[in-house]
Amino acid sequence: MTAKTRKTYGATALVALALLFIGATILITFVFRGARLDLTESKLYSLAPGTENIVSSLSEPVNLYFFFSQDASEQQPQLRAYAQRVRELLEEMSQRSKGKLRLSVIDPEPFSEDEDRATEFGLSPVSATPGGEPMYFGLAGTNSTDGREIIGLFQPDKEEFLEYDIASLIYRLSNAKRANIGLISSLPVDARFDQMSGQMAPGWASIQQLRETLEVRTLQPDGNDIPADIGVLMLVHPKELSPQAQYSIDQFVMRGGKLISFMDPQSENDTAGAQPGMPPMGNRSSTLGPLLDAWGVKFDTGQIVGDRELGLTVSLQQGQPPSQHIAIIGLNRESMNPKDVTVSALDTINVMTAGALSKKEGATIEFEPLIQSSTNAALLPAAKLMFLPDSDSLLDGFKASGERYTIAARIHGKVKSAFPNGKPGAEGAAGAHLMESKEDANIILVADTDMLADPLWVRTQNVFGQRFAVAWANNGDFLANSVDNLAGSADLISVRGRQSFFRPFTKVDELRRQASDQLRAKEKELDQELKDTEQKLTALEAGRGGNQATLSLSPEQEAELERFQQERVRIRKELRDTRRSLDVEIEALGTRLKAINIALVPLLLALGAIFLEITRRRRLRAGRAAAHTG
C-alpha cells in the first residue's frame, strides 16, 4: 500500500468517524430527549410524585406561555440562570404530560405583538435593577374553557416553591370546580343584627375575604354527618361540641376530608357570661378534646403563651399609657416555617392569648410547626389573664423557658378514630364506621381564634358610606393560604417546598464562622494583653517627668520599658497574623476541591475505563479459546 493510499484511507476514516459522531449525537438528542440522571442531594431536577400525578392525569389540554425577556436580562446572569431553571422545569412537566401540557416559550420584545399578548394575559413588566430596562418573567396558562391563570413574576427568593406554584396553576386550570368549604363557628364571624346596639354588625373581614374567592357554606354543629360535597371543614372556636358533633368531625377526617381548626385557651371575642359593664365570666376556651388525643396532639387550654421579645405595645384601657403586653404577640418572619407554602411568604401575624400545640410522646403522626414564638417565651396560667388589671403584671415572675412554642401546626399521616366503639349513643350499631383514615390526613391546627378578628390585622374605614378594610398584618392571608392549600388535591398538597436551586457553600460558611469565632476570641485576648502592656508603658514613661530628655528611670526600669515596647510590637504583629489567617482554612478547602475535580475524578474515570477494557478483552479471549477448543 502506497503512502498516498494510506493517506486517503486515513482521511476517509476520519470523515466516517466525524459523520458517525454527528449521527450518534443527533440520535441521542432525539431518542433520549428529556432523560437525565439526577444526582443532587434533594433531587432538584426530578419532579415530585404529586406533580407527576397532576400533569400525567390531565384529561384536557392545558396551554402554558412562558414569557422571559432575553435582551433586558442580559446584565443579570443570576436571573438568567433562574429563568433557565424555570424553563427546564416547565419542559420536564410538558414531557411527562403525554401531550396534554403544551408549552410556548416567548421573548416579548418591546412594542411587539408578544408584548401585547403578555399584557393581555395580565403580566406586567418589572425592572431587575433601579432604572433598568423593563422585562417580563412570568407564566400564563389557559384551558379549553377559556379559563386563565397567571404567575405574574417568578421571584428567585421564592425558588423553593417554584414547583408548587406551577403545579398549583396547572391544577386550577384542569379542575375548574373547587372544593366546597364547610364552616362551623361559635363566634359571630358573619354579619348579624346586634341587639345591644339595634344595628347590623359587620362580619369579620377574614371570613368575608374567604367567601369572595371560595364557596363557603355555614354548617350547624348539630351532630349530623358533614355533607359529602364538603372538601374542607373549617372550625372556628369549636366550643363544648357534643360527642355526636365530635364524631361527625372524626369520621369526616377518616373519610379523607381536610380540616383546619382554630381553637383557643381564652377567646377574647367570646362573650360568654358577659354582663353590662363587666368582663365575661364564663368559659371562653375551645378544643377538639378526644380528637386531638387520638391524633397525637397536646393542647392545654389552661396555658397561654407569653412572649417577652415579640409582645406588642398596647393600651388596654382608654387613657392608659401604652405598655408591652406579652400575651398579644406580633409574630414576624422568623416565626414562620419557610418550608410551608401557607406561611413562607408572610411577614406579620398577630395573635392574642394564644395557646401552645405539641406532639404527644410516641405519636406516629408527622407534626410540622407553622408558626412559633421566640425563645424568649414562657407559658402563663390562663386564669392570670381573666381579670388583668394591667399588662405590666404579666411580667411579675416571668422567666423565659428558652423553648419555641408552636401556635399553629400542620399534622399529616394516618390517624385513628377517637371513637373505637362507633357513634356515641349507638355503640355496636351496624353502619359504615371507619377506625382509621383512608389516606394520610392533612390537618391544620391553630391555637388562637382572635387572630381572625378585625382588630388584630385590619383597620376599617368608611368612605362615602362604604366600609373598607385596610390590612396591616397577614392574618387574613394566612387563612386564605391555608384553606386554598387544603382545598387542592392530595397530589398538590404533597408538593412541598424544595431546597433552593442556588445552593449555599455550607462548609465554607461553617469554616468562616469557626474562624471568625476563633479570631474574635484571640483578638479579645491580644487586645487585653496590648492594653495591659500599654498601661505599664504609660506608668513607666510617667517616671521620666515632663522632659523626655531627662532620664529618671533606673537601668532595670529602662530594660523593662524596652521589653514592654518589644512586647507591644510582638502583640500587634500577632494580631495582624490572626486577622490574616481567617481565610487560610477556606483556601485550603478550595485547593482540596480543585484537586478532587481536576485530578481525582478524571483519574477514577480513567481507571474505570481501563478496568472495563481489560474485562472486555478477557471475555473476548475466553470466547476465542472456547471457540477454538470447540
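Predicted model: local features only at pLDDT ≥ 70, side-chain atom pairs only at ≥ 80, totals over all residues.
Residues are numbered from 1 along each chain as its sequence is written, and side-chain values use heavy atoms, with hydrogens and water left out.

On to the strands around that pair. Helices (H or I, at least four residues) and strands (E, at least two) are DSSP runs, numbered from the N terminus; two strands pair if DSSP finds at least two bridges between them. Strand β5, residues 137-142, pairs with β6 in the antiparallel sense over four bridges. Both belong to an open sheet of four strands, ordered β2-β1-β5-β6, with mixed pairing. At the edges sit β2 (101-106) and β6 (148-151), each pairing on one side only.

What lies across these strands? Helix α3, residues 77-95, lies across β1 (62-68), β2 and β5, and runs at about 170° to β1. Helix α4, residues 113-121, lies across β1, β2, β5 and β6, at about 120° to β1. Contact here means heavy atoms within 4.5 Å; axes are lines fitted to C-alpha atoms, for helices over the stretch in contact, and angles run from 0 to 180 degrees between N-to-C directions.

Next, salt bridges: a side-chain nitrogen of Lys or Arg within 4 Å of a carboxyl oxygen of Asp or Glu. By that rule there are 17. Take K239 and D270, whose side chains meet at 2.9 Å, N to O. This pair links distant parts of the chain, 31 residues apart, with K239 in the loop between β11 and α7 (243-254) and D270 in the loop between β12 (258-262) and α8 (290-295). Buried or exposed? Buried means under 20% relative accessible area, exposed over 50%, and partly exposed in between (1.4 Å probe, protein chains only). K239 counts as buried because its relative accessibility is 18%, and D270 is buried too, at 9%.

For contrast, look at helix α13. E613 and R616 both lie there, three residues apart, about one turn of the helix, and their side chains form a salt bridge at 2.7 Å, N to O. E613 is partly exposed at 29%, and R616 is partly exposed at 43%.

Last stop: L604, also in helix α13, residues 584-629. L604 counts as exposed because its relative accessible area is 53%. Thanks, everyone!
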